[in-house]
Amino acid sequence: MAEKTLLSWSSGKDSAWALHVLRSKHPELEVVGLLTTINEQFERVAMHAVRVELLRAQAAAAGLPLLEVGLPWPCSNEQYEARMEDAVAKARASGITVMAFGDLFLEDIRQYRVQKLEGTGLRPVFPLWAEPTAQLARTMVEGGLRARLTCVDPRQLSPQFAGRDFDAALLADLPASVDPCGERGEFHSFAYAGPMFTRPVPIQSGEVVERDGFVFADLTLAPTNDG
């Protein structure tokens, strides 16, 4: 019987691809929900700055319930950990035994996650771990993943990349110093289509702004003809 698995969901390409890999290559794990931290004041995904309505549309397109963990702003590390502990306890009480993460190679982050789940009854798994990121980025694009850059660290990457699609052209344009998957925080993205979704999430780009040392490209839900 497959173990019930909760996927840490940033709304970006790595967590989206992790969902695809879990579903296609790990029949022993059944993803039953997505967990995302939300900035309560601005109603946006923490770090990625994606609007909550886009996040919820993503979860609906993935066919999965969304566990939203609200965070105050500003948020201390103690507040963050306390709210995450509550979320983990709720997950465990519902029969979930595995928590999956889309991390790629940052060992300190992996060890932090492993440490925080010790004794909780949830086992951490990392389905994309140690995949060479240049190949992984190409595999994502060739596999049908569509994502748009929502946040750029201008200290590592030109602000002109904010709002661009994560595609073959972008990969060709990235400086050699930038990880192709942005794993060192060079950029963050919003996944809007791909094999992990039953339908694309309709998006449109808004203004690009600089805030708190980062450049953000705002996205909104695009109007549809569904009535």
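Me: In which loop is Arg 164 found?

Reply: Residues are numbered from 1 along each chain as its sequence is written, and this is a predicted model, in which local features need pLDDT of at least 70, side-chain atom pairs count only at pLDDT 80 or more, and totals for chains, interfaces and linings use all residues. Side-chain values use heavy atoms, with hydrogens and water left out. Helices (H or I, at least four residues) and strands (E, at least two) are DSSP runs, numbered from the N terminus. On that numbering, Arg 164 is found in the loop between S7 and helix H6 (168–173).

Me: Does Arg 164 count as buried, partly exposed or exposed?

Reply: Buried means under 20% relative accessible area, exposed means over 50%, and partly exposed lies in between (1.4 Å probe, protein chains only). The relative accessibility of Arg 164 is 26%, so Arg 164 counts as partly exposed.

Me: Which residues does Arg 164 touch, not counting residues up to four places away in sequence?

Reply: Contact means heavy atoms within 4.5 Å. With residues up to four places away in sequence set aside, Arg 164 touches Ala 147, Arg 148, Leu 149, Ala 169, Leu 170 and Asp 173.

Me: Is Thr 133 buried or exposed?

Reply: Thr 133 lies in helix H5 (residues 133–142). Beyond its neighbours within four places in sequence, Thr 133 is in contact with Leu 104, Phe 105, Asp 179, Pro 180 and Cys 181. Its relative accessible area is 10%, so Thr 133 is buried.

Me: Which strands stand at the edges of the open sheet of four strands?

Reply: Two strands pair if DSSP finds at least two bridges between them. The open sheet has the order S8-S7-S10-S9, with antiparallel pairing. Each edge strand has a single partner strand, so one side of each is left without a neighbour in the sheet; these are strand S8 (187–193) and strand S9 (203–211).

Me: What angle does the direction of H2 make with that of S10?

Reply: Axes are lines fitted to C-alpha atoms, for helices over the stretch in contact, and angles between N-to-C directions run from 0 to 180 degrees. Helix H2 (residues 52–62) packs on the sheet and touches S8, S9 and strand S10 (214–221). The angle between the directions of H2 and S10 is about 60 degrees.

Me: How many of the eleven residues of H2 are buried?

Reply: The helix is mostly covered. Its buried residues include Val 52, Leu 54, Leu 55 and Gln 58. Of the eleven residues of H2, the number buried is eight.

Me: Which element gives the largest share of the lining of the largest pocket?

Reply: On a 1 Å grid over the protein atoms alone, a pocket is an open set of points where a 1.4 Å probe fits, with protein on both sides within 12 Å along at least five of seven lines, and lining residues have an atom within 4 Å of a point. The largest pocket is lined by 47 residues, and among those nearest its centre are Thr 37 and His 188. The largest share of this lining, four residues, comes from S2.

Me: Which element gives the largest share of the lining of the second largest pocket?

Reply: This pocket is lined by 13 residues, with Met 84, Glu 85, Val 88, Lys 116 and Leu 117 closest to its centre. Two or more lining residues come from each of H3 and H4. The largest share, six residues, comes from H3.
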